[in-house]
Amino acid sequence: MTEMVNVIILAAGKGTRLRPYTADRPKCMVELCGRPMLHRQLDVLRIAGLKNIALVSGYRADRLHVRGITVVENPRYATTNMVTTLFCAESQMNPGEDLIVAYGDIVYEPRVLEAVLQSRAPLAIAVDRQWRRLWEARMEEPLEDAETLKLLEGDRIVELGKKPEGYEDVQGQYMGLIKVRGDQVRAFLDAWHAMDRDALYDGKDFDNMYMTSFLQHLIDSGWDARAAFTDGGWVEIDTAEELELFSALQQQGKLTELIRLD
């Protein structure tokens, strides 16, 4: 199965909230407990046997230190967002072959990736059921940052990426890791190409729509999106304060409550 999987890592953004750590490097090259986030993610991908890996670069691409993967550039990284970055790597999307899409600022255990790989849903989305543990470590008011994720039939995602009114609107948390089943990759491409370039998506123009807006568009169009559940086992790093928090937790021997790093 792993021979027919392509991976695209999105790593074009400037990571301004992570300054000063991103002053001279892309966000994915910022070190978490001594190793760049990107290198940690690549380790997990390779443990799973995934070799066809591409990365979309932008900000400080000259400071990327990677071997054995394809690097594609988003030349408009400064004025576009995740979805535009993703489709800069359209050449890496092969109909008939499963496609993994991952944010460059997340680190996860092998079991998280395995849950996504094992899903045979047309659109599999990694979802953390124990998301509050991570959010409560990162901030005082989790609901101010969390986004909705609503499920039917146990694992069918019907809504994500909105502002929640209460915890009942957050049945898990989207993590920035998805898989498009191989027989749906052509439809995935076609869906993006068919979108109205002049419309607004959750208040953003086409070039700057959020990934969750695109996923919601697919769901609203009839796509069967299913949660690939995990209970913890990952972190995302958005701010310098979070990076310093995780480093402190590691020194205290408490980071394993959120993620086990090799």
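The report below takes up these topics in turn.

This is a predicted model, in which local features need pLDDT of at least 70 and side-chain atom pairs count only at pLDDT 80 or more, while totals for chains, interfaces and linings use all residues. Residues are numbered from 1 along each chain as its sequence is written, and side-chain values use heavy atoms, with hydrogens and water left out.

**Cysteines**

A search of the whole structure for disulfides, defined as pairs of cysteine sulfur atoms within 2.5 Å, finds 0 of them. C33 takes part in no disulfide, since the nearest cysteine sulfur, belonging to C28, lies 17 Å away. For C88, the closest cysteine sulfur is also found in C28, at 15 Å, which is too far for a bond.

**Accessibility**

The table gives the relative accessible area of several residues, where buried means under 20%, exposed means over 50% and partly exposed covers the values in between, computed with a 1.4 Å probe on protein chains only.

| Residue | Relative accessible area | Class |
|---|---|---|
| C33 | 25% | partly exposed |
| C88 | 27% | partly exposed |
| R60 | 28% | partly exposed |
| T85 | 5% | buried |

**Backbone geometry**

Helices (H or I, at least four residues) and strands (E, at least two) are DSSP runs, numbered from the N terminus. A cis peptide bond, with omega at about 15 degrees, joins R19 and P20, and P20 lies in the loop that runs between β1 (5–11) and β2 (31–32).

**A residue in helix α2**

Which residues does T85 touch, not counting those up to four places away in sequence? T85 is found in helix α2, which covers residues 82–87, and is buried, with a relative accessible area of 5%. With contact taken as heavy atoms within 4.5 Å, and residues up to four places away in sequence not counted, T85 touches L10, A12, V56, N74 and T80.
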